[in-house]
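Here are a few friendly notes to read alongside the model. Please keep the structure open and find each residue as you go.

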Amino acid sequence: MTLRDSLRLTTTILVAAGLVWMAHLQANADEPKPKPENTISIQLGEPVPPQKFQHPPKFWIADVTDRSGNPQPMMVMKERGGVFLDKQPTVIVKEAIEQSLKAAGLLAPDSGSADLVLRVYLFHFGLAEGSGLDFFGKVEFSTMVKNTKTGESQEVKAVGTSIAKGAVRKKNMQKNVEEDIEEALRDAARNFLRGTELKEAVTALWKGTEAVPVEVPSATETPKPPSR
Amino acid sequence: MRILILMMVAGTFAMTTLANPKDETPQYKTAEAKHFTTAEGVELTPAFADYFYAELRSELTKSKLVNEVVGEGEVVDDADATKSLVINGTITEYKKGNVVTSALIGIGRQSLKMDADVVRRSDKQNLCVLHVLVKIDPRWNEKIMAKEAAHQMVKEMKKALAEGTKPS
(Lines give C-alpha, C1' and ligand atoms only; values in the text may rest on other atoms or scores of the structure.)
Protein backbone atom coordinates (compact mmCIF):
# COMPACT_ATOMS: atom_id res chain seq x y z
CA MET A 1 0.00 0.00 0.00
CA THR A 2 1.48 3.33 -1.02
CA LEU A 3 1.46 6.42 1.14
CA ARG A 4 -1.21 7.97 -1.10
CA ASP A 5 -3.50 4.92 -0.70
CA SER A 6 -2.97 4.96 3.03
CA LEU A 7 -3.85 8.67 3.22
CA ARG A 8 -6.95 8.15 1.08
CA LEU A 9 -8.10 5.27 3.28
CA THR A 10 -7.53 7.29 6.46
CA THR A 11 -9.47 10.25 5.03
CA THR A 12 -12.35 7.98 4.02
CA ILE A 13 -12.51 6.45 7.51
CA LEU A 14 -12.41 9.89 9.14
CA VAL A 15 -15.15 11.23 6.87
CA ALA A 16 -17.33 8.17 7.54
CA ALA A 17 -16.80 8.48 11.29
CA GLY A 18 -17.68 12.17 11.11
CA LEU A 19 -20.88 11.44 9.21
CA VAL A 20 -21.92 8.78 11.74
CA TRP A 21 -21.23 11.20 14.62
CA MET A 22 -23.23 13.95 12.89
CA ALA A 23 -26.14 11.56 12.32
CA HIS A 24 -26.02 10.53 15.97
CA LEU A 25 -26.10 14.17 17.07
CA GLN A 26 -28.99 14.87 14.69
CA ALA A 27 -30.93 11.90 16.03
CA ASN A 28 -30.41 13.09 19.60
CA ALA A 29 -31.52 16.58 18.64
CA ASP A 30 -34.75 15.17 17.12
CA GLU A 31 -35.62 13.22 20.25
CA PRO A 32 -38.32 15.29 21.96
CA LYS A 33 -37.84 16.24 25.58
CA PRO A 34 -40.60 16.86 28.14
CA LYS A 35 -41.12 20.57 28.79
CA PRO A 36 -43.96 22.38 30.56
CA GLU A 37 -45.37 23.53 27.20
CA ASN A 38 -45.58 20.02 25.73
CA THR A 39 -46.81 18.23 28.86
CA ILE A 40 -50.47 17.36 29.34
CA SER A 41 -52.36 16.35 32.45
CA ILE A 42 -54.86 13.51 32.13
CA GLN A 43 -57.66 13.51 34.66
CA LEU A 44 -60.87 11.54 34.91
CA GLY A 45 -62.95 14.57 35.82
CA GLU A 46 -66.32 13.45 37.15
CA PRO A 47 -66.10 10.01 38.80
CA VAL A 48 -67.65 7.14 36.86
CA PRO A 49 -70.67 5.72 38.73
CA PRO A 50 -70.13 1.97 39.13
CA GLN A 51 -72.92 -0.55 38.61
CA LYS A 52 -75.11 -1.63 41.53
CA PHE A 53 -74.03 -4.87 43.18
CA GLN A 54 -76.35 -7.16 45.09
CA HIS A 55 -73.84 -7.26 47.96
CA PRO A 56 -71.65 -4.15 47.51
CA PRO A 57 -68.08 -5.23 48.27
CA LYS A 58 -65.18 -3.06 49.39
CA PHE A 59 -62.39 -2.90 46.81
CA TRP A 60 -58.72 -2.11 47.27
CA ILE A 61 -56.28 -1.50 44.41
CA ALA A 62 -53.09 -3.27 45.39
CA ASP A 63 -51.05 -2.08 42.41
CA VAL A 64 -51.11 -1.17 38.74
CA THR A 65 -48.41 -2.77 36.59
CA ASP A 66 -47.39 -1.47 33.18
CA ARG A 67 -47.43 -4.34 30.69
CA SER A 68 -47.48 -2.18 27.56
CA GLY A 69 -43.83 -2.81 26.74
CA ASN A 70 -43.51 0.86 25.88
CA PRO A 71 -39.99 2.12 26.75
CA GLN A 72 -41.29 5.67 27.11
CA PRO A 73 -44.76 5.35 28.63
CA MET A 74 -45.01 9.07 29.37
CA MET A 75 -44.47 10.09 25.75
CA VAL A 76 -47.84 9.85 24.00
CA MET A 77 -46.70 11.41 20.74
CA LYS A 78 -43.25 11.77 19.20
CA GLU A 79 -44.06 13.98 16.22
CA ARG A 80 -43.96 17.76 16.29
CA GLY A 81 -41.83 18.17 19.40
CA GLY A 82 -43.63 15.43 21.30
CA VAL A 83 -46.48 15.33 23.79
CA PHE A 84 -45.79 14.02 27.29
CA LEU A 85 -47.86 13.02 30.29
CA ASP A 86 -47.23 14.65 33.65
CA LYS A 87 -47.64 11.35 35.50
CA GLN A 88 -46.99 7.68 34.82
CA PRO A 89 -49.99 6.00 33.09
CA THR A 90 -50.14 3.47 35.95
CA VAL A 91 -50.66 6.31 38.45
CA ILE A 92 -53.33 7.94 36.27
CA VAL A 93 -55.28 4.67 35.91
CA LYS A 94 -55.02 3.91 39.63
CA GLU A 95 -56.26 7.37 40.57
CA ALA A 96 -59.14 7.15 38.08
CA ILE A 97 -60.45 3.82 39.42
CA GLU A 98 -59.89 4.83 43.05
CA GLN A 99 -61.70 8.12 42.54
CA SER A 100 -64.75 6.36 41.09
CA LEU A 101 -64.83 3.65 43.74
CA LYS A 102 -64.42 6.21 46.51
CA ALA A 103 -67.26 8.36 45.19
CA ALA A 104 -69.55 5.31 45.23
CA GLY A 105 -68.40 4.25 48.72
CA LEU A 106 -66.87 1.04 47.39
CA LEU A 107 -63.24 1.80 48.26
CA ALA A 108 -61.84 0.16 51.38
CA PRO A 109 -59.70 2.37 53.66
CA ASP A 110 -56.87 -0.19 53.57
CA SER A 111 -56.03 -3.57 52.11
CA GLY A 112 -56.87 -5.36 55.35
CA SER A 113 -60.48 -4.29 55.37
CA ALA A 114 -61.07 -4.95 51.68
CA ASP A 115 -63.28 -7.79 50.43
CA LEU A 116 -61.77 -7.80 46.97
CA VAL A 117 -58.25 -6.76 46.01
CA LEU A 118 -57.58 -5.52 42.47
CA ARG A 119 -54.31 -5.94 40.61
CA VAL A 120 -54.39 -3.99 37.37
CA TYR A 121 -52.20 -4.82 34.35
CA LEU A 122 -52.08 -1.94 31.92
CA PHE A 123 -51.66 -3.00 28.28
CA HIS A 124 -52.18 0.28 26.48
CA PHE A 125 -52.44 3.90 27.48
CA GLY A 126 -52.44 6.83 25.09
CA LEU A 127 -52.73 7.09 21.36
CA ALA A 128 -52.97 4.09 19.05
CA GLU A 129 -52.38 3.95 15.32
CA GLY A 130 -55.30 5.59 13.57
CA SER A 131 -56.18 6.74 10.09
CA GLY A 132 -53.92 9.78 10.29
CA LEU A 133 -56.92 12.06 9.87
CA ASP A 134 -57.80 11.98 13.54
CA PHE A 135 -56.48 10.86 16.93
CA PHE A 136 -57.32 7.40 18.20
CA GLY A 137 -57.12 7.25 21.98
CA LYS A 138 -57.04 3.86 23.63
CA VAL A 139 -56.77 2.62 27.21
CA GLU A 140 -56.75 -1.11 27.78
CA PHE A 141 -56.17 -3.04 30.96
CA SER A 142 -56.88 -6.32 32.62
CA THR A 143 -57.64 -6.70 36.31
CA MET A 144 -57.25 -9.67 38.60
CA VAL A 145 -60.02 -9.45 41.18
CA LYS A 146 -59.04 -11.48 44.23
CA ASN A 147 -61.15 -12.45 47.19
CA THR A 148 -58.94 -11.85 50.22
CA LYS A 149 -60.71 -14.48 52.31
CA THR A 150 -60.85 -17.42 49.91
CA GLY A 151 -57.83 -16.52 47.76
CA GLU A 152 -59.87 -17.11 44.60
CA SER A 153 -59.47 -14.67 41.75
CA GLN A 154 -61.03 -13.81 38.40
CA GLU A 155 -59.86 -11.75 35.46
CA VAL A 156 -61.81 -8.73 34.23
CA LYS A 157 -60.84 -6.98 31.00
CA ALA A 158 -61.64 -3.40 30.11
CA VAL A 159 -61.02 -1.22 27.09
CA GLY A 160 -61.80 2.38 26.36
CA THR A 161 -61.56 4.11 23.01
CA SER A 162 -62.04 7.61 21.74
CA ILE A 163 -61.75 9.41 18.44
CA ALA A 164 -60.81 13.08 18.36
CA LYS A 165 -60.40 15.24 15.32
CA GLY A 166 -56.95 16.13 14.07
CA ALA A 167 -55.48 19.61 14.25
CA VAL A 168 -52.93 21.70 12.39
CA ARG A 169 -51.81 24.05 15.12
CA LYS A 170 -49.66 22.50 17.84
CA LYS A 171 -51.72 24.05 20.63
CA ASN A 172 -54.97 22.63 19.25
CA MET A 173 -53.34 19.29 18.57
CA GLN A 174 -52.16 19.03 22.19
CA LYS A 175 -55.63 19.97 23.45
CA ASN A 176 -57.29 17.38 21.22
CA VAL A 177 -54.83 14.68 22.31
CA GLU A 178 -55.48 15.51 25.97
CA GLU A 179 -59.26 15.36 25.53
CA ASP A 180 -58.97 12.18 23.49
CA ILE A 181 -56.95 10.31 26.12
CA GLU A 182 -59.17 11.60 28.93
CA GLU A 183 -62.22 10.31 27.08
CA ALA A 184 -60.56 6.93 26.45
CA LEU A 185 -59.60 6.71 30.16
CA ARG A 186 -63.15 7.54 31.18
CA ASP A 187 -64.49 4.98 28.74
CA ALA A 188 -62.13 2.29 30.05
CA ALA A 189 -62.97 3.05 33.70
CA ARG A 190 -66.65 2.88 32.80
CA ASN A 191 -66.18 -0.34 30.86
CA PHE A 192 -64.51 -1.86 33.93
CA LEU A 193 -66.85 -0.54 36.63
CA ARG A 194 -70.07 -1.05 34.67
CA GLY A 195 -69.04 -4.20 32.82
CA THR A 196 -70.82 -7.53 33.07
CA GLU A 197 -67.42 -9.19 33.59
CA LEU A 198 -66.95 -7.37 36.91
CA LYS A 199 -70.51 -8.19 37.93
CA GLU A 200 -69.95 -11.88 37.21
CA ALA A 201 -66.59 -11.84 39.01
CA VAL A 202 -68.03 -10.16 42.11
CA THR A 203 -71.01 -12.54 42.15
CA ALA A 204 -68.78 -15.61 41.80
CA LEU A 205 -66.27 -14.44 44.39
CA TRP A 206 -69.04 -13.43 46.80
CA LYS A 207 -70.48 -16.94 46.60
CA GLY A 208 -67.04 -18.16 47.65
CA THR A 209 -67.17 -15.91 50.70
CA GLU A 210 -70.61 -17.19 51.67
CA ALA A 211 -69.41 -20.77 51.34
CA VAL A 212 -66.39 -20.19 53.57
CA PRO A 213 -68.12 -20.48 56.99
CA VAL A 214 -69.45 -23.92 55.99
CA GLU A 215 -65.98 -25.07 55.04
CA VAL A 216 -64.27 -23.52 58.08
CA PRO A 217 -62.80 -26.38 60.08
CA SER A 218 -63.16 -26.63 63.82
CA ALA A 219 -60.44 -25.18 66.01
CA THR A 220 -58.84 -28.60 66.49
CA GLU A 221 -58.45 -29.27 62.75
CA THR A 222 -55.53 -27.99 60.70
CA PRO A 223 -56.67 -25.54 57.98
CA LYS A 224 -55.94 -26.66 54.42
CA PRO A 225 -54.45 -24.26 51.88
CA PRO A 226 -56.95 -22.97 49.30
CA SER A 227 -57.10 -25.13 46.19
CA ARG A 228 -55.83 -23.40 43.02
CA MET B 1 -94.02 41.95 -5.12
CA ARG B 2 -90.79 42.15 -3.09
CA ILE B 3 -92.74 41.80 0.14
CA LEU B 4 -94.49 38.74 -1.24
CA ILE B 5 -91.16 37.11 -2.19
CA LEU B 6 -89.70 37.93 1.21
CA MET B 7 -92.73 36.43 2.93
CA MET B 8 -92.44 33.28 0.81
CA VAL B 9 -88.73 32.92 1.65
CA ALA B 10 -89.41 33.48 5.37
CA GLY B 11 -92.28 30.97 5.28
CA THR B 12 -90.13 28.33 3.58
CA PHE B 13 -87.34 28.91 6.12
CA ALA B 14 -89.77 28.60 9.05
CA MET B 15 -91.27 25.38 7.66
CA THR B 16 -87.82 23.83 7.14
CA THR B 17 -86.78 24.76 10.66
CA LEU B 18 -89.95 23.31 12.15
CA ALA B 19 -89.64 20.14 10.09
CA ASN B 20 -86.08 19.52 11.32
CA PRO B 21 -85.92 20.56 14.96
CA LYS B 22 -82.34 20.61 16.20
CA ASP B 23 -83.16 19.37 19.69
CA GLU B 24 -84.66 16.12 18.46
CA THR B 25 -84.94 13.55 21.25
CA PRO B 26 -83.06 10.35 20.40
CA GLN B 27 -85.30 7.40 19.67
CA TYR B 28 -83.21 4.95 21.70
CA LYS B 29 -81.67 5.10 25.15
CA THR B 30 -78.43 3.17 24.63
CA ALA B 31 -76.50 1.41 21.89
CA GLU B 32 -73.76 -1.13 22.35
CA ALA B 33 -71.41 -1.81 19.46
CA LYS B 34 -69.55 -5.10 19.60
CA HIS B 35 -66.18 -5.79 17.99
CA PHE B 36 -66.94 -7.13 14.52
CA THR B 37 -65.72 -10.61 13.73
CA THR B 38 -63.90 -11.44 10.51
CA ALA B 39 -64.97 -14.21 8.20
CA GLU B 40 -62.49 -16.87 7.16
CA GLY B 41 -60.03 -15.64 4.57
CA VAL B 42 -60.32 -11.96 5.45
CA GLU B 43 -56.79 -10.63 5.86
CA LEU B 44 -56.98 -7.50 7.96
CA THR B 45 -54.74 -6.48 10.85
CA PRO B 46 -56.13 -6.98 14.39
CA ALA B 47 -55.81 -3.21 14.87
CA PHE B 48 -58.40 -2.73 12.14
CA ALA B 49 -61.21 -4.25 14.24
CA ASP B 50 -60.24 -2.07 17.21
CA TYR B 51 -60.17 1.07 15.15
CA PHE B 52 -63.44 0.26 13.41
CA TYR B 53 -65.06 -0.35 16.82
CA ALA B 54 -63.88 3.07 18.01
CA GLU B 55 -65.03 4.78 14.83
CA LEU B 56 -68.43 3.07 14.94
CA ARG B 57 -68.96 4.27 18.51
CA SER B 58 -67.83 7.75 17.56
CA GLU B 59 -70.22 7.84 14.60
CA LEU B 60 -73.09 6.55 16.75
CA THR B 61 -72.46 9.35 19.23
CA LYS B 62 -72.38 11.93 16.44
CA SER B 63 -75.58 10.60 14.85
CA LYS B 64 -77.66 11.39 17.96
CA LEU B 65 -79.64 8.25 17.27
CA VAL B 66 -79.19 7.18 20.90
CA ASN B 67 -78.83 8.95 24.22
CA GLU B 68 -75.72 7.04 25.21
CA VAL B 69 -73.24 4.75 23.49
CA VAL B 70 -72.12 2.14 25.99
CA GLY B 71 -68.95 0.06 25.81
CA GLU B 72 -68.83 -3.61 24.94
CA GLY B 73 -70.15 -5.80 27.73
CA GLU B 74 -71.51 -3.00 29.91
CA VAL B 75 -74.64 -3.44 31.98
CA VAL B 76 -77.78 -1.56 31.02
CA ASP B 77 -80.67 -0.87 33.37
CA ASP B 78 -83.60 -3.24 32.84
CA ALA B 79 -85.90 -0.27 32.40
CA ASP B 80 -83.81 0.93 29.44
CA ALA B 81 -83.38 -2.49 27.81
CA THR B 82 -86.47 -2.18 25.62
CA LYS B 83 -85.12 1.06 24.18
CA SER B 84 -81.56 -0.21 23.76
CA LEU B 85 -79.74 -1.54 20.74
CA VAL B 86 -76.91 -4.00 20.26
CA ILE B 87 -74.93 -4.02 17.01
CA ASN B 88 -73.20 -7.22 15.97
CA GLY B 89 -71.42 -7.68 12.71
CA THR B 90 -69.01 -9.58 10.52
CA ILE B 91 -66.48 -8.42 7.96
CA THR B 92 -67.31 -10.78 5.14
CA GLU B 93 -64.88 -9.76 2.42
CA TYR B 94 -61.75 -7.69 1.97
CA LYS B 95 -59.90 -7.16 -1.30
CA LYS B 96 -56.53 -5.42 -1.25
CA GLY B 97 -56.96 -3.98 -4.72
CA ASN B 98 -54.33 -3.30 -7.33
CA VAL B 99 -52.39 -0.05 -7.41
CA VAL B 100 -51.38 -0.35 -11.08
CA THR B 101 -54.80 -1.12 -12.55
CA SER B 102 -56.41 1.40 -10.25
CA ALA B 103 -54.04 4.13 -11.46
CA LEU B 104 -54.22 3.14 -15.14
CA ILE B 105 -57.82 2.17 -15.79
CA GLY B 106 -59.57 3.02 -12.53
CA ILE B 107 -60.47 -0.51 -11.47
CA GLY B 108 -58.98 -2.64 -8.71
CA ARG B 109 -59.74 -0.46 -5.72
CA GLN B 110 -59.47 -2.02 -2.27
CA SER B 111 -62.90 -3.00 -1.00
CA LEU B 112 -64.54 -4.10 2.18
CA LYS B 113 -67.88 -5.78 2.72
CA MET B 114 -69.55 -6.12 6.07
CA ASP B 115 -72.91 -7.26 7.39
CA ALA B 116 -74.43 -6.22 10.68
CA ASP B 117 -77.51 -7.00 12.74
CA VAL B 118 -79.12 -4.45 14.97
CA VAL B 119 -81.06 -6.17 17.74
CA ARG B 120 -83.17 -4.93 20.61
CA ARG B 121 -81.43 -5.65 23.90
CA SER B 122 -84.49 -6.77 25.86
CA ASP B 123 -85.88 -9.51 23.60
CA LYS B 124 -83.05 -9.85 21.05
CA GLN B 125 -85.49 -9.01 18.27
CA ASN B 126 -83.75 -8.16 15.02
CA LEU B 127 -84.59 -4.57 14.12
CA CYS B 128 -82.63 -4.35 10.89
CA VAL B 129 -79.93 -6.01 8.83
CA LEU B 130 -77.25 -3.80 7.33
CA HIS B 131 -74.95 -4.45 4.38
CA VAL B 132 -72.08 -2.08 3.75
CA LEU B 133 -69.64 -1.97 0.87
CA VAL B 134 -66.72 0.44 0.90
CA LYS B 135 -64.29 1.00 -1.97
CA ILE B 136 -61.22 3.20 -1.67
CA ASP B 137 -57.92 3.79 -3.45
CA PRO B 138 -55.55 0.83 -2.86
CA ARG B 139 -52.78 3.20 -1.75
CA TRP B 140 -54.80 4.44 1.19
CA ASN B 141 -54.48 3.20 4.74
CA GLU B 142 -56.97 0.49 5.77
CA LYS B 143 -57.99 2.68 8.73
CA ILE B 144 -59.47 5.21 6.30
CA MET B 145 -61.62 2.38 5.02
CA ALA B 146 -62.70 1.66 8.60
CA LYS B 147 -63.65 5.29 9.06
CA GLU B 148 -65.73 5.31 5.89
CA ALA B 149 -67.32 1.94 6.73
CA ALA B 150 -68.37 3.17 10.18
CA HIS B 151 -69.85 6.32 8.68
CA GLN B 152 -71.83 4.33 6.11
CA MET B 153 -72.93 1.78 8.69
CA VAL B 154 -74.47 4.40 10.96
CA LYS B 155 -76.06 6.19 8.01
CA GLU B 156 -77.67 2.94 6.83
CA MET B 157 -78.73 2.10 10.35
CA LYS B 158 -80.37 5.45 10.89
CA LYS B 159 -82.23 5.10 7.61
CA ALA B 160 -83.32 1.52 8.27
CA LEU B 161 -84.52 2.28 11.79
CA ALA B 162 -86.41 5.33 10.61
CA GLU B 163 -88.15 3.26 7.96
CA GLY B 164 -88.84 0.50 10.47
CA THR B 165 -87.19 -2.12 8.26
CA LYS B 166 -87.73 -5.62 9.47
CA PRO B 167 -85.59 -8.64 8.56
CA SER B 168 -87.01 -10.74 5.75
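1. A word on terms before we begin: helices, at least four residues long, and strands, at least two, are DSSP runs numbered from the N terminus. With that in hand, look for helix α3 of chain B, residues 99-105, where L104(B) has its place. Do keep in mind that this is a predicted model.

2. Is L104(B) buried or exposed? Its relative accessible area is 69%, and exposed means over 50%, so L104(B) is exposed. L104(B) also belongs to a nonpolar patch on the surface, together with V99(B), V100(B), I105(B) and I107(B). The accessible area of these residues together is about 520 Å².

3. Now turn to the aromatic rings. Over all chains, the structure holds 4 aromatic pairs. One of them joins F53(A) and F59(A): the ring centres are 6.1 Å apart and the planes meet at 55°, so this pair is tilted. F53(A) is buried at 13% relative accessible area, and F59(A), at 2%, counts as buried too.

4. F36(B) has a relative accessible area of 6% and F52(B) one of 1%. Buried means under 20%, so F36(B) is buried, and F52(B) is buried as well.

Key
Residues numbered from 1 in each chain as written. Chains lettered and ligands numbered in written order. Predicted model: local features only at pLDDT ≥ 70, side-chain atom pairs only at ≥ 80, totals over all residues. Heavy atoms only, no water. Patch = residues over 30% accessible without salt bridge, like charges linked within 9 Å, V, L, I, M, F, W, Y side chains within 5 Å. Areas by Shrake-Rupley, 256 points an atom, 1.4 Å probe, with all protein chains shown as cover. Salt bridge = Lys/Arg side-chain N within 4 Å of Asp/Glu carboxyl O. Buried < 20%, exposed > 50% of the residue type's maximum accessible area, 1.4 Å probe, protein only. Phe/Tyr/Trp six-rings, centres within 6.5 Å; stacked < 30°, edge-to-face > 60°.
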